[in-house]
Amino acid sequence: MSEILGNMMLITGALFLFSAGLGVLRMPDTYNRIQTGTKATTLGTIMILIGLAFLHPGWTFKLIILIFFVMLTNPVSSHA
C-alpha cells in the first residue's frame, strides 16, 4: 500500500513540476513567471520528497530536513 501511495505522490509532484515549467513559458511578464515557478516548484518538490519517504522509510528523517529546507529557501530565493 505504501508503494502505491509513494508512486502516486511522485506522479503528482512530477505533474506540479511540469505545470511550473509550462507556467513559466505561458505567463506574460517576469513577476507572474516568478510566482508561477516558485509556488508550483515548491509544492512539486515537496510532493516528490514525500513520495520518496513512503518508498524508502529509512530516509524519512533526512527527507523531512530537505522538505524544511525547500520550504525555507525556495520562496526567499525567488523574492531576492
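## Overall make-up

The protein chain has three helices and zero strands, where helices (H or I, at least four residues) and strands (E, at least two) are DSSP runs numbered from the N terminus. From the N terminus on, the order of the elements is α-α-α. This is a predicted model, in which local features need pLDDT of at least 70 and side-chain atom pairs count only at pLDDT 80 or more, while totals for chains, interfaces and linings use all residues. Residues are numbered from 1 along each chain as its sequence is written, and side-chain values use heavy atoms, with hydrogens and water left out.

The C-alpha trace of the protein chain spans about 40 × 25 × 10 Å along its principal axes. Of the 80 residues in the protein chain, 25% are buried; buried means under 20% relative accessible area, exposed means over 50%, and partly exposed lies in between (1.4 Å probe, protein chains only). Contact means heavy atoms within 4.5 Å. Among the contacts in the protein chain with a separation of 6 or more, 67% are between residues 24 or more positions apart.

## Helices α1 and α2

Two packed helices are described by the angle between their axes and the distance between the axes. Here axes are lines fitted to C-alpha atoms, for helices over the stretch in contact, and angles run from 0 to 180 degrees between N-to-C directions. Helix α1 covers residues 2–26 and helix α2 covers residues 30–55; their axes come within 7 Å and cross at roughly 165°. That makes α1 roughly antiparallel to α2. Angles under 35 degrees count as roughly parallel, over 145 as roughly antiparallel, 65 to 115 as roughly perpendicular and the rest as oblique.

The crossing in which α1 passes α2 is left-handed, the term for a near helix turned anticlockwise from the far one by less than a right angle, with clockwise giving right-handed. The residues of the contact of α1 with α2 divide into 16 nonpolar, 13 polar and two charged. In this division Ala, Val, Leu, Ile, Met, Phe, Trp, Tyr, Cys and Pro count as nonpolar, Asp, Glu, Lys and Arg as charged, and the others, Gly among them, as polar.

Phe-16 has its place in helix α1. With 30% relative accessibility, Phe-16 counts as partly exposed. Leaving aside neighbours within four places in sequence, Phe-16 is in contact with Ala-40, Leu-43 and Gly-44. Phe-16 and Lys-39 are 23 residues apart in sequence, and their C-alpha atoms are 9.3 Å apart in space.

Leu-55 has its place in helix α2. Its relative accessibility is 27%, so Leu-55 counts as partly exposed. Apart from neighbours within four places in sequence, Leu-55 is in contact with Glu-3, Gly-6, Asn-7 and Leu-10. Leu-55 and Gly-6 are 49 residues apart along the chain, yet their C-alpha atoms are separated by 5.5 Å.

## Helices α2 and α3

Helices α2 and α3 pack at an angle of about 180°, and their axes are 9 Å apart. That makes α2 roughly antiparallel to α3. The residues of the contact of α2 with α3 divide into twelve nonpolar, seven polar and no charged. Those from α2 include Ile-34, Thr-38, Thr-41 and Leu-52, while those from α3 include Thr-60, Leu-66, Pro-75 and Ser-78.

Thr-42 lies in helix α2. Thr-42 is buried, with a relative accessible area of 12%. Not counting residues up to four places away in sequence, Thr-42 touches Val-70 and Asn-74.

## The nonpolar core

The largest nonpolar core has six residues, namely Ile-46, Leu-49, Ala-53, Leu-63, Ile-67 and Val-70. A nonpolar core is a set of buried Ala, Val, Leu, Ile, Met, Phe, Trp, Tyr and Cys residues joined through side-chain atoms within 4.5 Å. The elements giving two or more residues to this core are α2 and α3 (60–79).

Ile-67 is found in helix α3. Ile-67 is buried, its relative accessible area being 16%. Setting aside neighbours within four places in sequence, Ile-67 is in contact with Ile-46, Leu-49 and Ile-50. Ile-67 and Ile-48 are 19 residues apart along the chain, with their C-alpha atoms separated by 9.8 Å.
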